[in-house]
Amino acid sequence: MLTIEQNELLTRIGRGTPMGGLIRRYWVPALLAEQLPEPDCDPVRVKLLGEPLVAFRDTLGRIGLLQELCPHRTASLFFGRNEECGIRCIYHGWKFDVEGNCVDVPTEPPTSTIKERVKARAYPCIERGGLIWTYMGPADQRPEFPAIEWTELPASHCLVTRQLLECNWFQGFEGGFDSSHLSFLHKGDLLASYSLPTHTEFVPTDSGFVYAYGRDENGQTMWTTDTMLMPFHKLIAAALFQSQIWVPIDDETTMLYCVTYHPDRPMSADELSAYASGNRIHAVKEVGSDRMAHNRDNNYGIDRSLQRSGKSFSGMKGIGVQDSAIQESMGLIADRSVEFLVTSDISVVQLRRYLQRAIEDEQAGREIPGTDPKSFHLRPVYQAAPNDVPFSDIFPTAAFPPAV
Ligand code: FES
Ligand SMILES: [Fe+2]
């Protein structure tokens, strides 16, 4: 349980909020690279951390991410013309380059100094792992791009999808670390059947933490991990490795990016189709949209006879739909002052405490986790060990991929 103030602290991400300030110290996925397929292609609307933005790829292939509203009289630059290394507002023709510099003001005489005095807010962008990432924090605190393993792999080794989550980012993130739900919500859909863990260990790292769950299997302990990377990434190991990223669009909406990857080889055709949107893990989406076809407007397609049959614990089809249904059902921003936590919620409690501490450090001007980009170079663990070996003993060899 949290106080109302603690709940506000962890959930609100607008400019000027403590959590918003913390997240803005890291590189944030803004959109899929394929949304800007070529130079001078159509601009794309992007909302990120509560800020309406427009993304475009200019004539030289550079990416611009600008405030959506034109600095002149606040018309949307989304309708702008993407031409000759800049985006031109269609209201009065002012033009801005990828750095937000005003490069043409055709409504003013050539002698005017308006151009030097006007600037659109612009965020630097970088393309990695099939995504376009941006940094929205103070320029003098911009970190190097984190060495997250899948962002360094060839495109053939990864599959990146995304879907809209219609609630606050933090309840999605918490859901990612709530391991006790695997034995219930997803029963009937997971390939492995998950018993409740017999041991758990929390291991802090330089970029977040690892939550390890041990389950008894054939006289050994099978360890799996939820690896948290600041500020909103989770890595897990299943048949393939997976990463999920809960990127706040605004306080009440989240873009969930899912990355499935193999560190050593290209994904096979079977794997690509198994993990594409619309399969048993990822939700089927509405045409031309990131919204799930099964959403709150149709009760996520819940099938009561399927639920009764025992074949599916939830009666909903697809793990992604089940997670979204439950997380969205908690409200746009879950009220954690009325919940009732128990022992099996320990990983959720640890996640909250960890982020609360990181917010305090950020606010106090102390160092925050993950300032060293190499500290993100972690692999999720799925490994058996003798029962008397603690996870912290296998972690140093199991969790670090070869250096690049
Ligand atoms: S509002 Fe954009 S040029 Fe006038
Ligand atoms: Fe889940």
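A polar contact is a pair of N or O atoms within 3.5 Å; within protein, one must be able to donate a hydrogen and the other to accept it, and residues adjacent in sequence count only if both atoms are side-chain atoms. This is a predicted model, where local features need pLDDT of at least 70, side-chain atom pairs count only at pLDDT 80 or more, and totals for chains, interfaces and linings use all residues. Residues are numbered from 1 along each chain as its sequence is written, chains are lettered from A and ligands numbered from 1 in the order in which they are written, and side-chain values use heavy atoms, leaving out hydrogens and water.

Q: With which tyrosine does the side chain of Glu 51 make a polar contact?
A: Glu 51 sits in strand β3, residues 51–57. Its side chain makes a polar contact with the side chain of Arg 24 at 2.8 Å. At 2.5 Å, the side chain of Glu 51 also makes a polar contact with that of Tyr 123.

Q: Is Glu 51 buried or exposed?
A: Buried means under 20% relative accessible area, exposed over 50%, and partly exposed in between (1.4 Å probe, protein chains only). Glu 51 has 8% relative accessibility, so Glu 51 counts as buried.

Q: Which residues coordinate the iron ion (ligand 2)?
A: Donors are N, O and S atoms within 2.8 Å of the metal (3.2 Å for Na, K and Ca); water is not among the atoms, so sites may look incomplete. Here the distances run from 2.0 to 2.6 Å. NE2 atoms come from two histidines, and OD atoms from one aspartate. The residues are His 181, His 186 and Asp 323.

Q: How many residues apart are His 186 and Asp 323?
A: The donors of the iron ion (ligand 2) follow the spacing H-x4-H-x136-D along the chain. His 186 lies in the loop between α4 and β12, and Asp 323 in helix α7 (residues 319–329). This pair links distant parts of the chain, and the separation is 137 residues.

Q: What omega has the cis peptide bond between Met 230 and Pro 231?
A: Pro 231 lies in the loop between β14 (220–229) and β15 (233–237). The cis bond joins Pro 231 to Met 230, with an omega of about -10 degrees.

Q: What phi does Thr 74 have?
A: Thr 74 is in the loop between β4 (63–67) and β5 (81–82). Its relative accessible area is 51%, so Thr 74 is exposed. Thr 74 is not a glycine, yet its phi is positive, at about 65 degrees.

Terms used. Helix = DSSP H or I, 4+ residues; strand = E, 2+ residues; numbered from the N terminus.
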